[in-house]
Amino acid sequence: MNLKNIIRTIPDFPVKGIQFRDITPILKDPSALIYSIDSMKNLVSNLDFDIIVGPESRGFIFGVPLAVITKKGFVPARKEGKLPAKTIKTKYNLEYGENIIEIHEDSIKKGQKILIVDDLLATGGTCKAICEIVKNAGANVIGSVFFIELLGLNGKEELKKYCDVFSLVTY
């Protein structure tokens, strides 16, 4: 299945000059969604991991079904103030400013092997921040898998020092 034929490109969104890759046509097509999750599973089938961490919100979309079919748990990584229990957090840079991402303190155990799952790899900032949180929790990120990778932004190069990086679709 050629997923690029299903992904919709929206020019000049959210700002002029950006080619936004819209995944909603994949999500509404059951066969494309199942194919995507199965393909992401195949990309990481040789990795030995204990749990999946996915950042909000689209990391949830791919992370939870991948956790289900690999029989692993799922840990949500959220923006500051969205999780109710005690958290571990880190600050990271955005193109314009900073953000804070956090996970529940008790969601990752020391020594666990973590797989990060998200919809998009651009600069790698969000994934790097999650890698730092995981490291601070005493666990290890062994891989990250993305539905889409934007090659021109060098996110994969940024993440190589943290973990193996896999992408299903590249632009």
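Reply: Bear in mind that this is a predicted model. In helix α2, the buried residues are A32, S36, I37, S39 and M40.

Me: How do the buried residues fall around the axis of α2?
Reply: Viewed down that axis, the buried residues of α2 lie within an arc of 160°, so they line one face of the helix.

Me: And which exposed residues does the face turned away carry?
Reply: On the face of α2 turned away from its buried side sit P30, I34 and N42, which are exposed.

Me: What do the buried ones pack against?
Reply: The buried residues of α2 pack against α1 (24-28) and α3, and also against the strands β7, β8 and β9.

Me: Where does α2 lie, then?
Reply: Helix α2, residues 30-43, lies across β7 (113-121), β8 and β9, and runs at about 150° to β9. Helix α3 (residues 58-70) packs on the sheet as well, where it touches β3 (51-55), β4 (73-79), β7 and β8, with its direction at about 140° to that of β7.

Me: Switching to the sheet: what is the strand order?
Reply: It is an open sheet of seven strands in the order β5-β6-β4-β3-β7-β8-β9, and the pairing is mixed. Because β5 (87-94) and β9 (164-170) stand at the edges with a single partner strand each, one side of each has no neighbour in the sheet. On average, neighbouring strands are turned by 25° against each other, direction ignored.

Me: How many bridges join β8 to β9?
Reply: Six bridges join β8 (residues 140-149) to β9, and the two strands run parallel; S144 stands opposite V165 of β9.

Methods
Residues are numbered from 1 along each chain as its sequence is written. This is a predicted model: local features need pLDDT of at least 70, side-chain atom pairs count only at pLDDT 80 or more; totals for chains, interfaces and linings use all residues. Side-chain values use heavy atoms; hydrogens and water are left out. Two strands pair if DSSP finds at least two bridges between them. Helices (H or I, at least four residues) and strands (E, at least two) are DSSP runs, numbered from the N terminus. Axes are lines fitted to C-alpha atoms, for helices over the stretch in contact, and angles run from 0 to 180 degrees between N-to-C directions. Contact means heavy atoms within 4.5 Å. Buried means under 20% relative accessible area, exposed over 50%, partly exposed in between (1.4 Å probe, protein chains only). The arc is that of the directions from the helix axis to the C-beta atoms.
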